[in-house]
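Subject: Structure handover

Hello,

My notes on it follow below.

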Amino acid sequence: MLEQKDVVIIGAGAAGLFCAAQAGQLGLEVLVLDNGKKPGRKILMSGGGRCNFTNMYTDHGAYLSDNPHFCKSALARYTQWDFIDLVSRHGIDYHEKTLGQLFCDNSAQDIIDLLLKECEQGGVELRMRSEVLSVEPNERGFLLQLPAGDIQAKSLVIASGGLSMPGLGATPFGYKIAQQFGIKVLPTRAGLVPFTLHKPLLEMLNVLSGIATPITVTANNGTSFKESLLFTHRGLSGPAILQISSYWQAGETIAINLFPELDIDGFLNSERLEHPNQSLKNSLARHLPKRLVECLQTLNIVSDVTLKQLSIPQQQRLIEELQNWQIQPNGTEGYRTAEVTLGGIDTKALSSKTMESNQVPGLYFIGEVVDVTGWLGGYNFQWAWSSAWACAQAL
Ligand code: FDA
């Protein structure tokens with residue numbers, strides 16, 4: 001006998017599990033299929049093991065998409081406060097780390113447990129290590145072919161995520177299904193990802209590996225982030241770099257302001273008055289890591305002079321270089337370490353209210369597979385929850 005379900009969801013990640021729980025609790029018979037051994041593998045890895053599950057300042061402005069308006073409806077209908085309320089109802093303790101980012105006090109496993117309990121309440125069936133061989137539309141919805149036997153679904157929800165971290169089970173399944181049904185897929189690239197550097201600069205900055213400093217970083221399109229920069233043995237990382245990587249295109253430069261807070265002109269002037277014989281290097285080291293100042297000397301950005309030897313025009317040039325340090329990354333570390341995938345299912349092909357395909361009734365796309373990508377800081381999980389909720393109401 002052919003197995004029949006109201007809804008089959010492909011992908012037991014954040015979006016798939018949340019959608020399944022909601023749809024199940026609305027009375028639908030839901031089956032979730034996933035190619036992995038365990039559900040929610042990315043959730044478990046997220047936020048350094050504590051899952052940054054949402055952001056208190058969630059707003060459509062924190063998302064990249066070819067259509068920046070697309071995410072508005074879902075984010076407004078299932079908000080960060082709705083998810084925070086759910087977390088509280090499950091008795092999960094959490095805290096704000098910084099910039100509205102909410103993390104579990106204990107472990108990311110708490111969020112997986114929450115999702116699994118919600119699924120259980122909705123009578124959802126979860127089938128792991130399940131590979132879908134083919135999907136064919138028919139008059140009753142979709143026929144799915146699996147090695148263990150065929151399944152007939154009235155509605156099909158694709159929640160298979162993006163391409164980031166293939167080690168955690170990422171596959172292009174969602175994009176392939178879209179292409180099969182003639183749904184446009186926008187070009188994808190790695191986002192929230194460290195930069196690699198060209199060899200000469202990397203060799204000079206290598207000694208800084210492990211050092212972090214607060215910066216403002218700006219992309220060519222004018223987008224800026226004031227967060228921390230981390231030098232690594234491969235290049236540049238840290239929250240500021242991950243954020244700007246989503247706005248960076250190959251070949252472009254980024255501009256780094258090493259003094260995002262300080263009036264450096266005023267600081268150098270008062271230093272010159274108080275300690276005219278002090279080296280410029282030692283003065284700068286009061287606000288920057290010493291090894292970074294030494295590197296800036298090697299790069300001929302900082303000269304080997306005392307403060308009284310530093311002329312006013314030299315000081316102005318120095319300030320320009322320290323506040324507008326132009327670096328051209330060689331590339332990014334790619335999907336291997338990227339937290340997200342930019343691009344994906346073209347939002348023009350979907351309803352922003354339900355996530356259903358405009359041209360294939362009954363076929364839905366939610367979560368990261370869609371061309372909606374959030375900033376670092378809990379925004380991507382919030383998109384998973386909001387898009388999943390919007391979809392579940394329509395199934
Ligand atoms: P997700 O990738 O979570 O789930 C997709 C599921 O589909 C997976 O279980 C996969 O196994 C399954 N699948 C794939 N192909 C399949 C196939 N062919 N057949 C069957 N199943 C298939 N975001 C955030 O807001 N806060 C944070 O703290 C972090 N931290 C973080 C850390 C790391 C290391 C990464 C890689 C990512 C983050 N993110 C994050 C991003 C966040 O994890 C991501 O945006 C969401 O998990 C996306 O949820 P989805 O459910 O759409 O995809």
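How many bridges join β3 to strand β6, and in which direction do the two strands run? Three bridges join them, and the strands run antiparallel; β6 covers residues 101–104. Helices (H or I, at least four residues) and strands (E, at least two) are DSSP runs, numbered from the N terminus.

This is a predicted model, in which local features need pLDDT of at least 70 and side-chain atom pairs count only at pLDDT 80 or more, while totals for chains, interfaces and linings use all residues. Residues are numbered from 1 along each chain as its sequence is written, and side-chain values use heavy atoms, with hydrogens and water left out.

β3 and β6 belong to an open sheet of three strands, ordered β3-β6-β5 with antiparallel pairing (two strands pair if DSSP finds at least two bridges between them). Its edge strands, β3 (52–55) and β5 (94–96), each pair on one side only. On average, neighbouring strands in this sheet are turned by 30° against each other, direction ignored. Asn55 has Gln101 of β6 as its bridge partner. Across β3, β5 and β6 lies helix α4 (residues 80–89), which runs at about 140° to β3. Axes are lines fitted to C-alpha atoms, for helices over the stretch in contact (heavy atoms within 4.5 Å), and angles run from 0 to 180 degrees between N-to-C directions.

Helix α6

In α6 (residues 173–180), the buried residues are Phe173, Gly174, Tyr175, Ile177 and Ala178. Buried means under 20% relative accessible area, exposed over 50%, and partly exposed in between (1.4 Å probe, protein chains only). These buried residues pack against several strands, among them β1 (3–10), β10 (151–158) and β11 (185–191). Gly182 follows α6 and has a positive phi, near 75°.

Salt bridges

The count is 15 salt bridges, each being a side-chain nitrogen of Lys or Arg within 4 Å of a carboxyl oxygen of Asp or Glu.

- Asp6 and Lys154 meet at 3.0 Å, N to O. Asp6 is in β1 and Lys154 in β10, so the pair ties together parts 148 residues apart in sequence. Asp6 is buried at 18% relative accessibility, whereas Lys154 is exposed at 54%.
- Arg234 and Glu333 also meet at 3.0 Å, N to O. Arg234 sits in the loop between β14 (224–231) and β15 (235–237), and Glu333 in the loop between β18 (331–332) and β19, 99 residues apart.

Regards
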